Amino acid sequence: MTDPANPPPILIADHPALDFLNTVGAPHGTDIEWIGNGRSLIDWMVAAGILSESQAVTATTTLSAQDLNDAARQARELREWFRALVIRQDGGPGWQLTAEDREVINTMMSAGTYRLRLLPGDTGSEGLRLSGGYEIETAEDILAPIAEQISRLLTDTECRLTRNCAGPNCTFWFTDITKNKKRRWCNMKLCGNRAKTAAFRERKKKS
């Protein structure tokens with residue numbers, strides 16, 4: 001299931017929470033909204049590994065189109081709230097959240113029900129395996145796994161390594177997992193090569 005109005009998502013942030021921030025942008029000069037409706041939200045969550053295919057099927061068969069669109073609207077609101085929180089940190093040494101900030105995330109996570117099940121081992125293997133996931137019954141349930149990913153970023157990733165791309169007009173974010181911790185670009189093809197080309201042309205003008 002894909003929304004033909006949208007190109008494939010750009011997943012270059014090295015963390016689902018920051019890929020969520022990057023669901024709106026203009027990587028090729030024209031603004032793209034990847035979660036403009038409920039269908040595109042579900043598509044993006046599957047592509048980002050936040051929802052499984054079976055959870056997506058449950059969501060689209062259990063919830064109405066209006067419910068899904070409401071979830072998309074709430075997701076966009078959450079995204080912009082999260083963007084403001086990240087910008088507010090200004091690359092500081094540690095995440096600084098108010099009690100109200102924590103309450104926003106905790107409220108969304110508490111709306112979701114996460115169930116674990118003990119199942120037989122995968123086909124061809126012995127033993128048992130543990131499987132779990134969020135139950136999708138309401139529009140609010142769809143936001144719970146996104147809120148979880150935001151919480152994981154805040155608890156597991158250094159604030160100073162969460163960066164905005166150095167591209168002059170780029171709004172994309174990423175977490176720097178490189179060995180030397182000197183990543184500057186969201187993606188070399190999107191912004192890195194553009195910067196190199198611009199720098200080369202500038203040098204040619206001066207030569």
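Colleague: What should I know about the model before I read it?

Modeller: The model is predicted, and local features need pLDDT of at least 70, side-chain atom pairs count only at pLDDT 80 or more, and totals for chains, interfaces and linings use all residues. Residues are numbered from 1 along each chain as its sequence is written, and side-chain values use heavy atoms, with hydrogens and water left out.

Colleague: At what angle do helix H2 and helix H4 pack?

Modeller: Helices (H or I, at least four residues) and strands (E, at least two) are DSSP runs, numbered from the N terminus. Axes are lines fitted to C-alpha atoms, for helices over the stretch in contact, and angles run from 0 to 180 degrees between N-to-C directions. Here the angle between H2 (residues 38-47) and H4 (residues 65-89) is about 65°, and the axes are 7 Å apart. H2 is therefore roughly perpendicular to H4; angles under 35 degrees count as roughly parallel, over 145 as roughly antiparallel, 65 to 115 as roughly perpendicular and the rest as oblique.

Colleague: Which residues of H2 and H4 meet?

Modeller: Contact means heavy atoms within 4.5 Å. From H2, Gly38, Leu41 and Ile42 meet Leu68, Asn69, Ala71, Ala72 and Ala75 of H4. These residues comprise 6 nonpolar, 2 polar and no charged. In this scheme Ala, Val, Leu, Ile, Met, Phe, Trp, Tyr, Cys and Pro count as nonpolar, Asp, Glu, Lys and Arg as charged, and the others, Gly among them, as polar.

Colleague: How many residues of H2 are buried?

Modeller: Buried means under 20% relative accessible area, exposed over 50%, and partly exposed in between (1.4 Å probe, protein chains only). H2 is mostly covered, with 7 of its 10 residues buried; among them are Leu41, Trp44 and Met45. The elements covering these buried residues include H1, H3, H4 and H6.

Colleague: Which residues touch the most other members of the largest nonpolar core?

Modeller: A nonpolar core is a set of buried Ala, Val, Leu, Ile, Met, Phe, Trp, Tyr and Cys residues joined through side-chain atoms within 4.5 Å. The largest core has 51 residues, and Leu41, Met45, Ile142, Ile146, Ile150, Phe172 and Cys186 touch the most other members. Helix H6 (139-156) is one of the elements that give two or more residues to this core, and H6 provides the largest share, 9 residues. Leaving aside neighbours within four places in sequence, Met45 is in contact with Ile50, Leu51, Ile142, Pro145 and Ile146.

Colleague: How many aromatic pairs does the structure hold?

Modeller: Rings of Phe, Tyr and Trp (its six-membered ring) pair if their centres lie within 6.5 Å; planes under 30 degrees apart count as stacked, over 60 as edge-to-face and the rest as tilted. The structure holds 2 such pairs. The ring centres of Phe20 and Trp44 are 5.9 Å apart and the planes stand at 45°, so this pair is tilted. Phe20 lies in H1 and Trp44 in H2, 24 residues apart. Phe20 is buried at 1% relative accessible area, and Trp44 is buried at 3%. The other pair, Tyr114 with Tyr134, is edge-to-face, at 5.1 Å centre to centre and 85° between the planes.

Colleague: Is Tyr114 buried or partly exposed?

Modeller: Tyr114, in strand S3, is partly exposed, with a relative accessible area of 47%. Tyr134, in strand S4, counts as buried at 13%.
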